Amino acid sequence: MNPRIPDNPLMPSSIRPDSARLLALAQDALRTEAQAVLDMALRLDDHFVRAVDAMLQCNGRVVVSGMGKSGHVGRKIAATLASTGTPAFFMHPAEASHGDLGMITAQDVVLAMSNSGESEELTAILPLIKRMGVPLIAMTGKLDSTLARHADMLLNTAVDKEACPHNLAPTASTTAQLAMGDALAVAVLDARGFAADDFARSHPGGALGRKLLTLVSDVMRPQDQAPRVRGDASLADVMREISAKGLGATAVVNEQDQPIGIFTDGDLRRLIEKGAQLQSLTAQDVMHASPHHIAPGALAVEAAALMEAYRINSILVVDAGGKLVGALNNHDLMRAKVI
């Protein structure tokens, strides 16, 4: 059953679209755009390979340019290239004729985009780009256009029809451009050996960046805030240390400050439930021996994985010599937005 479209009081009832027509139009638009991308994939040839190679060999930047809707798509392509290891920026073709053409250097590669291949603002600067000897990659739907004739590498983004019911508004054609831009970026990043940690370095503010760049040492409680007691400490001293440091647990350490065990407030509750004689117990009597630990140079996400695997809420941080240098719990990881 089709969902009912809410009435719009500003639209006369005689021209309100019914839900069946809305859904049919949407489905047709999606099918048209999907088919355009699939058709384009079958047309890829050596020009695409050469375009990728030109970007890989580029000692400058990839300068993306396009007018109108192609320009909007071009901005996204430039941003995708830049975030995946290929320095790139967008240059507005109209502004290029008024000085911005100076942004292009002989070490750059130009990616020019126009579905018709005849955008006046873009074709006006093509002879100047060619005169500079800069490799020109064209992305166009018209293979006999001015842009196509000037191109060193030609990426065919032609579509049979637009998704617009009037076959006018740039829809399928801009989707094709966007998909071709993504195909270029993916091929270049793979050829460049661009890995997940490289992506994280260019996205330090994102979730992936935090996961791949944040170390345990960045989020752990430092040595002076890491709770610890000796093995002969009374249970009262153990609880005072847990309360003072607020971790919900304390390490039990030897004379070299190396953890030999851990005791948590959960362990205390279980002792009380069993009716244990708490006054006579020491830390060594109640601790869990050989506690889980992690190095300060490990990724914080590795600490999260360890804690999840062993179903623990806190973990000790020890250096290469086995000495306690810090501690952290789930709250520390949550504050750092690692989990």
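Predicted model: local features only at pLDDT ≥ 70, side-chain atom pairs only at ≥ 80, totals over all residues.
1. Start with the largest nonpolar core. It has 27 residues. M55, L111, I137, M139, L155 and L184 touch the most other members.

2. The helices α2 (46-57), α3 (69-83) and α8 (172-192) each supply at least two residues. So much holds for the strands too: β1 (62-66), β2 (88-90), β3 (109-113), β4 (136-140) and β5 each supply at least two.

3. Look at L111 up close. Residues up to four places away in sequence are not counted here.

4. Now turn to N156. It sits in strand β5, which spans residues 153-156. Is N156 buried or exposed? It is buried, because its relative accessible area of 19% falls under the 20% cut-off.

5. What does the side chain of N156 reach? It reaches the backbone nitrogen of A158, at 3.0 Å. Neighbours within four places in sequence aside, N156 is in contact with M40, R43, T140, G141, L143 and M180.

6. Last, the cysteines. How many disulfides does the structure hold? It holds zero. C58 is buried, with a relative accessible area of 17%. C164 counts as buried too, at 14% relative accessibility.

Notes: Residues numbered from 1 in each chain as written. Heavy atoms only, no water. Helix = DSSP H or I, 4+ residues; strand = E, 2+ residues; numbered from the N terminus. Buried < 20%, exposed > 50% of the residue type's maximum accessible area, 1.4 Å probe, protein only. Polar contact = N/O pair within 3.5 Å; in protein donor to acceptor, adjacent residues only side chain to side chain. Contact = heavy atoms within 4.5 Å. Core = buried A, V, L, I, M, F, W, Y, C linked by side-chain atoms within 4.5 Å. Disulfide = S-S within 2.5 Å.
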